[in-house]
Amino acid sequence: MWFVSLHTYAGEDAKNVLLTSTGFRDEAPEPATPGKAGRSEEDPVWWASSVCAGRPQIHTMTVGLGYDKVLAADAEKIFRAYVTDVTERRHCTDVILPDSSDFPFRPA
């Protein structure tokens, strides 16, 4: 079982990232759009974007339901550290991170 999942999608895959949906609403999963950043309205999932070697990148952090409360104080720090590490190693540009107000997770 995982508590936190961090992942980066590149190129064409980055254009089709859908944030997970718990199914509490009758809506389709939300897209993580290149050139933007934010969080899911329904689930503890955040995304950031960047451009690496001319290709879009989507960086995500998904926290297991319930664990978002355990990590509430550190979720932003963890995600920003992950995105910074990936984008610096890959020499990415145009890094867009979620606003501080997107942390901690609060369902809409």
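Reader: Where does Glu12 sit?
Author: In this predicted model, Glu12 is placed in the loop that runs between strand 1 and strand 2, the latter covering residues 38-39.

Reader: And is Glu12 buried or exposed there?
Author: Glu12 counts as exposed, because its relative accessibility is 53% and the cut-off for that class is over 50%.

Reader: Which residue does the Glu12 side chain form a salt bridge with?
Author: The partner of Glu12 is Lys15, and the closest N and O atoms of this salt bridge are 3.0 Å apart. Lys15 is partly exposed, with a relative accessible area of 46%, whereas Glu12 is exposed.

Reader: What separates the C-alpha atoms of Glu12 and Gln57?
Author: Those two C-alpha atoms are 9.0 Å from each other, although Glu12 and Gln57 are 45 residues apart along the chain.

Reader: Back to salt bridges, then: how many are there in the whole structure?
Author: A search of the whole structure gives four salt bridges, among them the pair of Glu12 and Lys15 already discussed.

Reader: What about Asp85, which residue does it meet?
Author: The side chain of Asp85 meets that of Arg89 in a salt bridge, with an N to O distance of 3.1 Å. Both residues belong to helix 2, which spans residues 75-89, and they lie four residues apart, about one turn of the helix.

Reader: Why does Arg89 count as exposed, while Asp85 is partly exposed?
Author: Arg89 has a relative accessible area of 54% and Asp85 has 39%, so the two fall on either side of the 50% cut-off for exposed residues.

Reader: Which residue does Lys77 pair with?
Author: Lys77 forms a salt bridge with Asp74, the closest N and O atoms being 3.5 Å apart. In this pair Lys77 counts as exposed at 58% relative accessibility, and Asp74 is partly exposed, with a relative accessible area of 32%.

Reader: Changing topic, which residues make the nonpolar surface patch?
Author: The nonpolar patch is made by Phe3, Val4, Leu6, Tyr67, Val70 and Ile78, and its area is about 470 Å². The elements that give two or more residues to this patch are strand 1, residues 4-10, and helix 1, residues 67-70.

Reader: Where is Val70 found, and how accessible is Val70?
Author: Val70 is found in helix 1, and at 64% relative accessibility Val70 counts as exposed.

How values were computed. Residues are numbered from 1 along each chain as its sequence is written. This is a predicted model: local features need pLDDT of at least 70, side-chain atom pairs count only at pLDDT 80 or more; totals for chains, interfaces and linings use all residues. Side-chain values use heavy atoms; hydrogens and water are left out. Buried means under 20% relative accessible area, exposed over 50%, partly exposed in between (1.4 Å probe, protein chains only). Patches are made of residues with over 30% relative accessible area and no salt bridge: like charges are joined within 9 Å, nonpolar side chains (Val, Leu, Ile, Met, Phe, Trp, Tyr) within 5 Å. Accessible areas come from the Shrake-Rupley method with a 1.4 Å probe; for residues, only the protein chains shown count as cover.
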